[in-house]
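Me: I've got a structure open and want to talk through its pockets and a few of its helices and strands. Can you take my questions one at a time?

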Amino acid sequence: MGLFFWLASGRLEGTRTLWSITSPEGGTASAQLNGQMLSVTVGEKTTDLDVTVRPYVWYFLGVVVEDGVASIELISTDLLRGDSASSTFASGAPFHSSAALTATLAGRNPQGIARDSGLVRGHAVDLFTGKIGGFFVSSAALDSSTLQDIASGAIGASDAGGPDVIARWDFSPFSAGDDPNVIIDRASGSLVPLVNLPTQGVSGRFFDGSETDYRHNPSHYAAVHFHSSDMSDAGWDPLLTAKLPSDLPSGVYAIEIAGPTSTDLMPLFVTPAVGDITGRKVAVVLPTFCYLAYGNEGMYASGDPSTWTNSGLVKVSAEDAARVGDSTYGLSLYDFHPDGSAVAYSSTRRPIVNMRRGYKMWLFEAGRGFSADMYLVEWLESRGIEYDILTDYEVHAGGASALKPYSAVISGMHPEYTTAEQLDAFQTYRDSGGGLMYLGGNGWYWVTGVYSSAGLTVEIRRGHAGPLVWMASYPGEVTLMSGKQPGGLWRHRGRAPQKIFGVGMAAQGWSKSYPYYRSKAAASDPSAAWILEGVEEDPIGDYGALMGGAAGDEIDRADLFLGTPYHATLVASSRGHDNYYQRVPEETGATQPSPNSPGGEDDPEVHSDIIYFRTPGGGEVFSAGSMAWSGALNHNGGDNGVSRMTENVLRRFLANRS
């Protein structure tokens with residue numbers, strides 16, 4: 001039996017199982033790491049190899065059991081960086097390989113393995129963190145020379161063992177067809193489940209950089225990166241099943257869970273049924289993909305985020321602090337696995353504590369994500385404007401037809417993670433005469449895939465640019481398993497948000513938020529003067545729940561090079577941002593904000609733009625260009641310039657499409 005493995009870290013502690021095998025006759029065999037030391041167990045006997053397993057080196061581990069004697073070969077495929085070793089010991093018990101054996105990789109003693117709506121869930125112990133590929137079992141004893149040839153790639157396992165190879169798992173992406181949650185055993189044709197979404201589409205033992213997309217040479221990607229922190233499904237049994245009333249209006253609701261000492265309100269989005277025309281003309285598209293991306297993020301627990309702000313110490317809520325280091329909550333797309341590798345998947349089938357109304361973000365003690373989108377929902381309610389709630393999944397799945405019934409479509413405050421299907425839908429809706437209101441910032445930014453819709457799960461591969469909170473993707477590991485497309489930034493795919501919404505990500509900062517100043521173009525352009533009708537304040541938006549202004553957190557600007565229409569009207573712009581605001585790193589190369597680096601005080605491109613434009617097909621777009629915009633809507637009971645501008649645009653869009 002043998003396999004290839006690779007570690008991303010040499011600092012992991014505890015026992016981590018590479019494989020665990022049980023034969024029908026009762027014989028057992030396993031291989032495990034303790035720190036950087038490798039041991040192999042056959043029957044009741046365990047032997048340690050006198051070698052340190054190095055990170056970033058592919059190894060081949062082969063074990064041959066014959067006549068009660070186990071021979072071990074650990075072969076480094078990089079002679080400059082990794083050591084090889086061999087050992088022979090009396091196993092004390094026979095081990096017979098047969099087609100009926102039971103094998104588990106990256107853990108042992110699996111329990112509760114179940115397949116539910118396309119996802120496999122379950123748990124095991126002594127979980128392995130690292131890459132595995134090339135696992136095989138042969139009923140014939142292979143000699144040392146043959147194992148060396150397999151390790152070097154001179155021969156494959158099936159060539160060496162011929163008809164005696166009884167298991168040969170193919171870890172290349174989609175080896176079993178369209179279902180990414182299983183791989184195929186080439187020896188038997190049986191399917192092998194992958195539990196809790198280990199990362200696929202990763203470079204394997206034979207990756208040489210000649211192809212950087214698994215679709216072009218799957219054999220270079222015949223590996224899976226397992227993590228002890230992988231979790232697609234917490235595995236909770238349902239406590240409540242209820243049918244909602246058929247006449248329940250679309251909206252944001254909550255399920256109240258009350259205990260002896262506390263109460264929790266879990267948000268619930270009620271969207272119109274597919275094909276249902278409610279008669280409401282406003283749709284609010286809540287960015288649930290972004291809620292998932294930030295679900296249980298713990299950036300406050302790594303590095304020193306207090307340097308990102310001048311507002312004092314970072315204030316971590318009790319619910320955030322309680323989950324630090326607790327893997328049962330699952331990880332966000334801003335966290336690291338234990339070996340430092342990137343989290344690529346985020347699922348709804350887990351408790352997400354920072355997705356609550358009233359949740360305050362640790363950087364500035366105000367709403368962010370879902371809690372900030374509630375500012376918009378509450379503002380609509382206060383203005384007496386009827387609306388339907390959609391999520392970005394409805395737009396992803398339904399396309400432009402999901403938006404067609406509405407005269408105005410309003411974004412949430414942070415639609416950062418978006419799919420090609422969503423971009424297509426918004427562009428078609430706009431160009432067909434629809435009214436788009438982008439009331440946020442840092443939107444339509446990262447290429448995102450929907451890995452599963454049953455238990456919504458999203459996937460990203462950040463690539464090598466943008467605000468990389470974790471290290472850039474490993475070489476060759478940018479292509480998504482979902483959608484089979486390159487990840488990274490949409491602007492690097494030629495689909496910068498400026499092409500649809502007129503503005504795109506410019507900068508980010510968390511010192512304070514700033515107001516907007518009217519442009520000369522807005523004052524002289526009668527086609528846009530109505531936007532500022534009744535707005536008496538100057539500057540506009542020098543207030544708000546998010547750091548005291550309407551232009552802050554993450555901000556967007558117009559850019560003709562990236563696709564802002566030439567005829568777009570610049571309504572207003574922010575200015576005077578301090579050096580805590582830094583331009584996006586894809587334009588400067590910087591990775592983290594720092595008050596000592598050139599920023600808003602020195603860089604004229606660090607600002608937010610409010611723009612408006614029409615399309616040849618009668619569509620209209622209004623973009624506010626700031627995540628802090630929604631936090632200013634309800635200032636002074638909604639009697640303010642930000643609120644008045646937003647209502648002016650919304651009511652004009654409705655009137656133009658009545």
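This is a predicted model: local features need pLDDT of at least 70, side-chain atom pairs count only at pLDDT 80 or more; totals for chains, interfaces and linings use all residues.

Me: How many charged residues does the lining of the second largest pocket have?

Reply: Split by class, that lining has 25 nonpolar and 16 polar residues. The charged count is 4.

Me: What about the largest pocket: how much space lies in it, and which residues are the closest to its centre?

Reply: The space in the largest pocket comes to about 2000 Å³. Its lining is made up of 43 residues. The ones closest to the centre are Ile255, Met266, Pro267, Thr348 and Arg350.

Me: Which element gives the largest share of the lining of the largest pocket?

Reply: Four elements each supply at least two lining residues there: β17 (251-258), β18 (263-270), α3 (288-293) and α6 (392-398). By class, the lining has 23 nonpolar, 10 polar and 10 charged residues. The largest share is 6 residues, and it comes from β18.

Me: On to helix α1, residues 144-152. Which of its residues are buried, and how wide an arc do they cover?

Reply: Buried here means under 20% relative accessible area. In α1, Thr146, Leu147, Ile150 and Ala151 are buried. They sit on the same side of α1, because the arc they cover around the axis is only 140°.

Me: How many residues of β13 are buried?

Reply: β13 is largely enclosed by the rest of the structure, because most of its 6 residues are buried. The number is 5.

Me: And in which sense does β13 pair with β12, and which residue in β14 is the bridge partner of tryptophan 169?

Reply: β12 and β13 pair over 3 bridges, in the antiparallel sense, with phenylalanine 136 opposite arginine 168 of β13. β13 and β14 also run antiparallel, joined by 2 bridges. In β14, the partner of tryptophan 169 is aspartate 185.

Conventions:
Residues are numbered from 1 along each chain as its sequence is written. Side-chain values use heavy atoms; hydrogens and water are left out. On a 1 Å grid over the protein atoms alone, a cavity is a set of points where a 1.4 Å probe fits but cannot get out, and a pocket is an open set with protein on both sides within 12 Å along at least five of seven lines; lining residues have an atom within 4 Å of a point. Grid points are joined across faces, edges and corners, and a volume is the space filled by probe spheres set on the points. Ala, Val, Leu, Ile, Met, Phe, Trp, Tyr, Cys and Pro count as nonpolar, Asp, Glu, Lys and Arg as charged, and the others, Gly among them, as polar. Buried means under 20% relative accessible area, exposed over 50%, partly exposed in between (1.4 Å probe, protein chains only). The arc is that of the directions from the helix axis to the C-beta atoms. Two strands pair if DSSP finds at least two bridges between them.
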